[in-house]
Amino acid sequence: MERENRSNVHNDKLFEQIYDYLLERIRRGEWKAHDKLPSIRSLAADLRVHRLTVFKAYQLLKRNGDVYVKDKSGYYVHPGSQSMLGPLNDPIVSAYVHESHLSEIHQVQADYQFSKALLDPNLLPNLYLSEYVKKVFDLYPKVLGTYSTVQGDQELREALCGYFTKGFHFFVSPEELLITSGSQEAIDLVARVLVRPRDAIMLERPTYSPAIDVFSRQGAEIIPVDIYPSGYDLEQVERIMQTSRPRLFYLNPTFHNPTGFTVPAEQRKKLVELAETYKCLLIEDDPGRDIYFGDEPPLPLFSFDTAGYVIYLRSFSKYIAPGLSIAAVACRPSFMNYLIRTKSLSDSGAPLLNQKIFLHYFFSERMQQHLAKLRIALAVRKDIMEEELSGTGWQWTSPAGGFNLWVELPASVPMDRLLSRCMEQSLTFVPGTICDPLRESTSRVRMSYSYLNETELRAGLRRFKEVVFSLTTF
Ligand SMILES: Cc1ncc(COP(=O)(O)O)c(C=O)c1O
């Protein structure tokens, strides 16, 4: 009906609409490079518009280099047009596509992935895990035919309550826990619930790079807080809370990613007090606390919180079972309701099968014993990395746990050239700049010792040193 009307209206707007329509079809790959477009006569008939209108649309495509004319036989798709028009260059799509700098690096296939702060899969008791999969199907024969609740499996939440209360002095009920698909989802949920454009929020500097991407996407005004081997400058924290009244402070105070620093217990208590005074929520991201090399780290900030100012994100992905992608969020019921409602807009809960496997696997005696072995294996790998880098003159603070060394290279090393050279040499690392909320250039790199085995670590680090030395000017 609408088209019929349009067929009578021969104006510029209509030919632009047809131009957009054709361009969209080229972009979607319906016509490939050098494919012939429909003749003017047939398209005009299909669209029930005047032939001159189609002609004008084709002329505009030609002027813009999207099509070419061949031997007066018709219009053909120009070979360059599709790459020029890839989805990321699409002005409509790109307004909503947001970058994830870290995941771009992770997509690079390399022999030596120092960029991956994840456990070497060979360090997990994989055969043993498969026994749990069988057990779960025996125990819950209908598991594949059932959704979880949005908040997460009740049995798992009850087990986690016991675990948190016993080990970390949390007093939470199952209603105060939410199961998510990894803590990345949890960060995103928190940001969607709490942050609107121009809201002030605090992020550590440096920080976990995808958190910068998530909060930037919400349009937050990011205020950086420096983190040091001894924690934060609490005067700086208080000044910011007092003057900028931020909505939240996202922090990773235990074996911090990327630096490995741990905020001491006294500061944790004080931070919770500051949060309460200035009504600033603390989003405590805690994915690596089980991987400690000496003493256990201090209790989470959540353990000191009585007024509900801490939201605790606890991932179990990185060293238990990345393939299951299970994390828990602990917070008070008022805030929990918002999280559940927001999560229900994107899914019906974390996959039930994953939750049940995780439940039986994580709480098994075997897994708990295995954790002790993991700590030793990762401490050995950290020592190897430190040994290989000793004598280079590069600087880092030896971490007491976690997965990474935060290494300062000579200032003369050009970071973008270093990354591209390393990729040519099949090696990846995380450049410090992407961990900086201010995106300033830095000579720091994050090198993970957790993903490669001992032989690969030594070989990869030797290769890395050669590349760095070749770019260093003395
Ligand atoms: C500080 C921090 N937060 C969140 C995540 C994401 O965890 P998950 O794999 O559970 O989504 C990571 C993973 O590297 C991390 O280091």
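This is a predicted model: local features need pLDDT of at least 70, side-chain atom pairs count only at pLDDT 80 or more; totals for chains, interfaces and linings use all residues.
Colleague: How far apart do the C-alpha centres of domain 1 and domain 3 lie?
Modeller: The domain assignment gives domain 1 as residues 2-94, domain 2 as 101-121 together with 368-471, and domain 3 as 126-366. Between the C-alpha centres of domain 1 and domain 3 the distance is 50 Å.

Colleague: Which helix gives the most residues to the shell around the ligand?
Modeller: The ligand is surrounded by 13 residues, and the closest are G182, Q184, Y208, S315 and S317. By class, this shell has 7 polar, 4 nonpolar and 2 charged residues. With 3 residues, the helix that gives the most to the shell is the one spanning 182-194, namely α10.

Colleague: Which strands stand at the edges of the open sheet of 7 strands?
Modeller: The order of this sheet is β4-β10-β9-β8-β7-β5-β6, and its pairing is mixed. Two of its strands have a single partner strand each, so one side of each is left without a neighbour in the sheet, and these edge strands are β4 (177-180) and β6 (221-226).

Colleague: What angle does the direction of α10 make with that of β9?
Modeller: Helix α10 packs on the sheet and touches β4, β7 (248-251), β8 (281-285), β9 and β10. Relative to the direction of β9, the direction of α10 makes an angle of about 155°.

Colleague: Are helices α12 and α13 roughly parallel or roughly antiparallel to each other?
Modeller: The axes of α12 (residues 234-244) and α13 (residues 265-278) come within 10 Å and cross at roughly 10°. Angles under 35 degrees count as roughly parallel, and therefore the relation of α12 to α13 is roughly parallel.

Colleague: How many nonpolar residues does the contact of α12 with α13 have?
Modeller: On the side of α12 the contact is made by L234, V237, E238, M241 and Q242, and on the side of α13 by Q267, K270, L271, L274 and Y278. Of the residues in this contact, 2 are polar and 2 are charged, while the number of nonpolar ones is 6.

Colleague: Which residue of β14 is the bridge partner of W406?
Modeller: An open sheet of 3 strands has the order β11-β14-β13 with antiparallel pairing. Its edges are β11 (404-408) and β13 (430-431), each with a single partner strand, so one side of each is left without a neighbour in the sheet. Strands β11 and β14 (residues 444-448) pair over 5 bridges, and in β14 the partner of W406 is R446.

Colleague: Which residue takes a positive phi in the hairpin of β1 and β2?
Modeller: Strands β1 (residues 67-70) and β2 (residues 74-77) pair in the antiparallel sense over 4 bridges, and K70 has G74 as its bridge partner in β2. There are 3 residues between the strands of this hairpin, and the residue with a positive phi, near 40°, is D71.

Colleague: Where does P258 lie?
Modeller: The peptide bond from N257 to P258 is cis, with omega near 15°. The peptide bond from R205 to P206 is also cis, with omega near 0°, and P206 lies in the loop between β5 (200-205) and α11 (209-217). As for P258, its place is in the loop between β7 and α13.

Notes
Residues are numbered from 1 along each chain as its sequence is written. Domain bounds come from an automatic or database domain assignment. A residue is near a molecule or strand if its C-beta atom, placed from the backbone, lies within 6 Å of it. Ala, Val, Leu, Ile, Met, Phe, Trp, Tyr, Cys and Pro count as nonpolar, Asp, Glu, Lys and Arg as charged, and the others, Gly among them, as polar. Axes are lines fitted to C-alpha atoms, for helices over the stretch in contact, and angles run from 0 to 180 degrees between N-to-C directions. Angles under 35 degrees count as roughly parallel, over 145 as roughly antiparallel, 65 to 115 as roughly perpendicular and the rest as oblique. Two residues are in contact if their C-beta atoms, placed from the backbone, lie within 7 Å. Two strands pair if DSSP finds at least two bridges between them.
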